[in-house]
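Please look over the sequence and the structure before reading on.

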Amino acid sequence: MALPFKQLQAFHAVATEVSFTRAAARLGVTQPAVTTQVTRLEQASGVRLFERRRSGPELTPAGASLLAVTRKIFRLMDDAEEALLASAGLRSGNLHLGVDSPHWSMDLLARFTETHPDVRVATTVGNATKVRDALLAAEVDAAVLTVTGDSLPEDARILRLQPQRLRLIVPQGHRLATEAPVHPRALKNQRLILREPGSATRAAFESWLGHGPRSGDLELGGRDAVREAVASGLGIGAVVAGEEGQDPRVVSVDMSDGETDASICLVALADRADSPAVAGLFRLATSSP
């Protein structure tokens, strides 16, 4: 079957905006026009793409599968436009970067926006699992994230920015603040403050400890929450070296064998690595600041 472009465009807008009204505004048409195009696509294919809920359209499994494809289609169209407009240099376009480690990405983004001021930049921030999933689903163009083992496709472009090393953070005045390097056995009777499931920092910390969460340990979402809990005296946590922050209530301490098998990397999938904005980002990342 031939798929009319306007029908795919309407479907993609509704799926990404999660609203027929917002999709219409984005496309500059009326809501009935968007509804008609989506309905025609469903009728022509014999597949229901959305469940119409009072809270808004909800993708069916078939709709979710189609969205994964239309993301790629419309990103390729953006690339084509950028290639035409940027023939004499990267003068326009979009860059959507996934970030699980702001400390290692903000300097790179600052250099990118200074070098390419006309490129629109957006970021999606989350833990390593969330950012990796966004990359694999083509929701972001590239990502700065913690990479371990074979967690990415073999043909992905991966630039290692920094090996990941953990440091312990303890409240100011805690006895472990002066006992570096700290060994896992020293934390046997200490309450631990752990990141959320899916965090590469948590996985590395648990590997170093040799065990998972215990009764009494706390689980918090995000490194900022972990630092605040430690500063408040609730327990002891771990962060990636370089992300300790400047809170005077917290002391950063070396850990014995804190080096992990992970690295903080700039990553792009093969079908995005050569797009003008992503290629420009990799060029800056491989050059000296």
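## Basis and confidence

The model is predicted, with local features needing pLDDT of at least 70 and side-chain atom pairs counting only at pLDDT 80 or more, while totals for chains, interfaces and linings use all residues. Residues are numbered from 1 along each chain as its sequence is written, and side-chain values use heavy atoms, with hydrogens and water left out.

The chain has a mean pLDDT of 87, and 94% of its residues reach 70 or more; pLDDT is the predictor's confidence in each residue, from 0 to 100. Confidence is highest in strand E7 (residues 193-194), at a mean of 95, and lowest in strand E10 (residues 250-268), at 83. Helices (H or I, at least four residues) and strands (E, at least two) are DSSP runs numbered from the N terminus.

## Packing around helix H3

Helix H1 (residues 5-17) and helix H3 (residues 31-45) have axes that come within 8 Å and cross at roughly 110 degrees. Axes are lines fitted to C-alpha atoms, for helices over the stretch in contact, and angles run from 0 to 180 degrees between N-to-C directions. H1 and H3 are therefore roughly perpendicular to each other, a term that covers 65 to 115 degrees. On the H1 side the contact (heavy atoms within 4.5 Å) is made by Lys6, Gln7, Leu8, Ala10, Phe11 and Val14, and on the H3 side by Val34, Gln37, Val38, Arg40 and Leu41. Seven nonpolar, two polar and two charged residues make up this contact of H1 with H3. In this classification Ala, Val, Leu, Ile, Met, Phe, Trp, Tyr, Cys and Pro count as nonpolar, Asp, Glu, Lys and Arg as charged, and the others, Gly among them, as polar.

H3 also meets H2: their axes come within 8 Å and cross at roughly 105 degrees, so H2 and H3 are roughly perpendicular to each other. Phe20, Thr21, Ala23, Ala24 and Leu27 of H2 make the contact with Gln31, Val34, Thr35 and Val38 of H3. The contact of H2 with H3 has six nonpolar, three polar and no charged residues.

## The largest pocket

A pocket is an open set of points on a 1 Å grid over the protein atoms alone, with protein on both sides within 12 Å along at least five of seven lines; lining residues have an atom within 4 Å of a point. The largest pocket has a volume of about 470 Å³. Its lining has 24 residues, and the closest to its centre are His12, Arg26, Phe74, Arg75 and Asp78.

Helix H4 (61-85) gives the largest share of this lining, seven residues. H1, helix H2 (20-27), strand E3 (94-99) and strand E4 (120-125) are also among the elements that each supply at least two. By class, the lining of the largest pocket has nine nonpolar, five polar and ten charged residues.

## The cavities

A cavity is a set of grid points where a 1.4 Å probe fits but cannot get out. Two cavities of 30 Å³ or more are counted. The largest cavity holds about 70 Å³ of space. Among its 14 lining residues, Asp100, Thr146, Thr201, Arg223 and Val240 are the closest to its centre.

The second largest cavity holds about 40 Å³. Ile193, Leu194, Arg195, Thr201, Arg202, Phe205, Val226 and Ala238 line the second largest cavity, and helix H7 (200-209) gives the most to this lining, with three residues.

Terms used. Parallel < 35°, antiparallel > 145°, perpendicular 65-115°, else oblique. Points joined across faces, edges and corners; volume = space filled by probe spheres on them.
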